[in-house]
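Biologist: I would like to learn how to read a model of protein with DNA. Could we take the features one at a time?

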2 protein chains.
Amino acid sequence: MTDATGRTLYLQIVNDLRSQIASGKLKVGDEIPSTAKLKAQYGYSVTVVRKAVEVLRNEGLVMGQPGKAVYVQATPKDLEAERVSIVDLTRQVADLRREVHDLAQRLEDGHQIKELMAEVAELRGTVEQLYNRLGHPYPNDNADSAKPRRKTGT
Amino acid sequence: MTDATGRTLYLQIVNDLRSQIASGKLKVGDEIPSTAKLKAQYGYSVTVVRKAVEVLRNEGLVMGQPGKAVYVQATPKDLEAERVSIVDLTRQVADLRREVHDLAQRLEDGHQIKELMAEVAELRGTVEQLYNRLGHPYPNDNADSAKPRRKTGT
DNA sequence: GCCCATTTGTTCGTATGTATA
DNA sequence: TTATACATACGAACAAATGGG
């Protein structure tokens, strides 16, 4: 029932194949050895080999196509990523909510933009009036820094 | 291989038992019929019965205790609810991630504040120069809107 | 404590159906 | 047609755990 490692025979094959998939020795899209090859390789019965492959199939790691072979469908890492527990997701939601709150708070302080834009408009009007009172239009000395018609909309 | 319904034999038993669990005929904690009883009940081979129970075990609906029986562990509704909640939480996480991204983007555009402040400083300098060329200092008419000595630091 | 029946789980072997090449 | 391979089905046996005598 169990080998030297104390594990069941089919679980030994399962762990072997799973390790090979995880290590990249068997990549997604590759085909795992056929039942006959695994049987010859391990020296176990067909039942054990089939059972092992069936476990991998139930885990979603492989998927068999009758008449062709059993193909690697995903890596254990992929499944691990999918099997995010509810608590982890809940924690993520809480963290993200906090982050959204903080960002929204900082954005709300963005009324500075409105006030600054209003101030810019006022100052431009003042400058224009002053130039009119001086009798000549805008000179060139401050055209490089205070660029005309800057985009003010978001 | 298949019965009159076109389904495999073991899947027929799986569906039957799953329906019984879903309908409440088999409640959580109850034990399902033993392999021998199911074998006599359906007239199928032991292999088919074992396969059916194994599927239910892989689905997490039942859990067997060697020497005793196979006990109902959860209902299909439970698993569905768990799956749905995970999907829902995943969606929330995705939505919140988008929101965080958008807010962060808008905040990153906060360089507008810096540019606006620079422009304000430039314009103030221009206004001051113009007033000097006019020969008299700041009047009162624009002191209400363009407030003097506004804090420019964050 | 010991034996025995029951039950699950694992292992063995074989046969058949179906799909692909 | 032939061959290979997966999936299903059949039958049998053994180990381990449980419970009853």
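**Reading the sheet, the charges and the DNA contacts**

Modeller: Start with one pair: E31(B) lies opposite Y71(B), a residue of strand 3 of chain B. This is a predicted model, in which local features need pLDDT of at least 70 and side-chain atom pairs count only at pLDDT 80 or more, while totals for chains, interfaces and linings use all residues; side-chain values use heavy atoms, with hydrogens and water left out. Residues are numbered from 1 along each chain as its sequence is written, and chains are lettered from A and ligands numbered from 1 in the order in which they are written.

Biologist: How many bridges join strand 1 of chain B to strand 3 of chain B?

Modeller: First the general idea: strands of a sheet pair through backbone hydrogen bonds, either parallel or antiparallel. Strands (E, at least two residues) and helices (H or I, at least four residues) are DSSP runs, numbered from the N terminus. Two strands count as paired if DSSP finds at least two bridges between them. Here two bridges join strand 1 to strand 3 of chain B, and these strands run antiparallel.

Biologist: In what order do the three strands of the open sheet in chain B lie?

Modeller: The order is 1-3-2, with antiparallel pairing. Strand 1 (31–32) and strand 2 of chain B are at the edges with a single partner strand each, so one side of each has no neighbour in the sheet.

Biologist: How many bridges join strand 2 of chain B to strand 3 of chain B?

Modeller: Four bridges join them, and the two strands run antiparallel. Strands 2 and 3 of chain B form a hairpin with three residues between them, and G67(B) in the turn has a positive phi of about 90°.

Biologist: Now charges. Which residue forms a salt bridge with R18(B)?

Modeller: Side chains of opposite charge can pair when their charged atoms come close. The rule for a salt bridge is a side-chain nitrogen of Lys or Arg within 4 Å of a carboxyl oxygen of Asp or Glu. R18(B) forms one with E59(B), and their closest N and O atoms are 2.6 Å apart. The pair links distant parts of the chain, R18(B) being in helix 1 and E59(B) in helix 3 of chain B, 41 residues apart. Over all chains, the structure holds nine salt bridges.

Biologist: Over the ring of which residue does the charged end of K51(A) sit?

Modeller: A charge sits over a ring if NZ of Lys or CZ of Arg is within 6 Å of the ring centre and within 35 degrees of the ring normal. K51(A) has its charged end over the ring of Y10(A), 5.3 Å from the centre. In chain B, the charged end of K51(B) is over the ring of Y10(B), at 5.2 Å from the centre.

Biologist: Which residues come nearest to DNA strand C?

Modeller: A residue is near a strand if one of its heavy atoms lies within 4 Å of it. DNA strand C has 24 residues around it, and L9(A), Y10(A), S45(A), T47(A) and V48(A) come nearest. Helix 3 of chain A gives the largest share of this surface, four residues. Of the DNA strand C atoms within 4 Å of the protein, 68% belong to sugar or phosphate and the rest to bases.

Biologist: What is 2.7 Å from a side-chain N or O atom of Y10(A)?

Modeller: A phosphate oxygen of DNA strand C is. Such a polar contact is a pair of N or O atoms within 3.5 Å; within protein, one must be able to donate a hydrogen and the other to accept it, and residues adjacent in sequence count only if both atoms are side-chain atoms. A side-chain N or O atom of T47(A) is 3.3 Å from a base nitrogen of DNA strand C. From chain B, a polar side-chain atom of T35(B) lies 2.9 Å from a phosphate oxygen of DNA strand C.

Biologist: And which residues come nearest to DNA strand D?

Modeller: Of the 22 residues around DNA strand D, those are L9(B), Y10(B), S45(B), T47(B) and V48(B). Sugar and phosphate make up 77% of the DNA strand D atoms that come within 4 Å of the protein. A polar side-chain atom of Y10(B) is 2.9 Å from a phosphate oxygen of DNA strand D. From chain A, a side-chain N or O atom of R50(A) is 3.4 Å from a base nitrogen of DNA strand D.
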